[in-house]
Amino acid sequence: MQEMYHQITLDEWADIKEKIKRNLYNIAESYVVIGYNLKIARDKELYRQDGYPNMEEFARQEFGISKTAVSRFIKIQERYAVGEQLRPEYQGFKQSVLADMLSLTPEQEKLITKDTPREEVRELRRFEKEEPKETIGIEGAIVRFLASDPETYEEILEEDDIEERVDILNPSGSRTYKQGDVYLWFYDFNTGVKARNFGRTDTMEMSWERLFEMVDDLQERIEKEIHKKTVKKVEEQPEKKEVSTTDQKSRETKQICGIPAPEEDKKEEKNEQKEELIQNNNKNGNENAEKQPIEKPEAKKQTWEKVAPAQPMGTMEETGSKEPDIPEENKQPEEETDTYETETLYERIKKMSLLDMAKYLSLVGCPTQAQKTDCGMDSRNCEKCVNCWTLALEQYEVRR
């Protein structure tokens, strides 16, 4: 709207210039005053009285402000003020926020308050320009918003008072959430909630009561989304290296058979012993547990001697095993049959020495891991139970 000016005197013109200079040092509160007086100088071409050919040269020489800055001051005054006073709905706004609001539509401006940071205004401008990657709607945005903070959501469910719920969800009185094609804006209890849908020109408004009604209706969807996020978070965590039961029992079996453990197993066992010692010392109040030397445990006595790498199965003579001395009169005549073909695996196992058994076990590994036997991986029980050895030999025969 074109404002009407009376005839400006020289004294009034001097006062106009003085106001501009004075308020340049207090822009946060006085930008409207600057804009209003610059507009008077522009509209009435008062700068010509001082010998300037145009407004741009006048502003640069007199006040050190650019043409762009002059234009911004005047536009802010024209859009958000009457004379030298801001309109009531814009009282308390910062100049930087009002400057960024110049590119918003009246519907978009409904979202901005004096507490809105400048970055939120710019984020709104980007939201209105960029095509969203997905379309989820208002309900979908509310579901994801509450699922993003499960603890706050649980507090809301436990509270019945609406105003208390608002304080839990929006303690600062100003909050936003952007997801997909929806931009949610949360305000104080009286203002409620507003939202923008990408591609739509209108701004949706709702009360806090209506929002919490929707939350109650969407409870099942929210809980499913929380569960989904929890599972995803667990799956993304790095897996903790653990020794499997099979590896542990295989290690015990090798120890029983006298087979040297790999270097990695030795290091891991040493670390476990160190951690156990530190924990025990901490329980006793020893703060310097980690600095104390670690006593190496005595080596466990083996009932079997250490063996060389396993060799293919042969006869008792080839393996070096000795048969017990049997009186000549008790010896049975040998049959002219192929012993390898006629003997059962069980009979062959019974004839083998413990040393031979250990060789085959080290070659194929215990197939039962003591799960199907009662030996408990204890070498002293081997003579009572040969089930695991029999299965081991069967596997060896298949490999041959």
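Mentor: Let us start with Lys110 and Glu107, whose side chains meet in a salt bridge at 2.9 Å from N to O; bear in mind that the model is predicted.

Trainee: What makes the contact of Lys110 and Glu107 a salt bridge?

Mentor: The rule asks for a side-chain nitrogen of Lys or Arg within 4 Å of a carboxyl oxygen of Asp or Glu, and the N to O value for Lys110 and Glu107 is 2.9 Å, so the pair qualifies. By this rule the count comes to 20 salt bridges.

Trainee: How do you know whether Lys17 is buried or exposed?

Mentor: The relative accessibility of Lys17 is 18%, and because the limit for buried is under 20%, Lys17 counts as buried. Its salt-bridge partner is Asp50, with the closest N and O atoms 2.9 Å apart. Asp50 lies in the loop between α2 and α3 whereas Lys17 lies in helix α1, so the pair ties together parts that are 33 residues apart in sequence. Asp50, at 32%, is partly exposed.

Trainee: What separates Arg210 and Glu213 along their helix?

Mentor: Arg210 and Glu213 are three residues apart in helix α11, which means a separation of about one helical turn. Their closest N and O atoms are 3.5 Å apart, and since the cut-off is within 4 Å, this pair also forms a salt bridge.

Trainee: Why is strand β4 described as largely enclosed?

Mentor: Five of the five residues of β4 are buried, so the strand is largely enclosed by the rest of the structure. Val182, Leu184 and Phe186 point one way, Tyr183 and Trp185 the other way, and all are buried. In a regular strand the side chains alternate between the two faces of the sheet.

Trainee: How do you know that β4 pairs with β3?

Mentor: Pairing requires at least two bridges between the strands, and β3 and β4 have five, in the antiparallel sense; one of the contacts joins Lys178 to its bridge partner Tyr183. On the other pairing, β4 and β5 also run antiparallel over five bridges, where the bridge partner of Tyr183 is Arg196.

Methods:
Residues numbered from 1 in each chain as written. Predicted model: local features only at pLDDT ≥ 70, side-chain atom pairs only at ≥ 80, totals over all residues. Heavy atoms only, no water. Buried < 20%, exposed > 50% of the residue type's maximum accessible area, 1.4 Å probe, protein only. Helix = DSSP H or I, 4+ residues; strand = E, 2+ residues; numbered from the N terminus.
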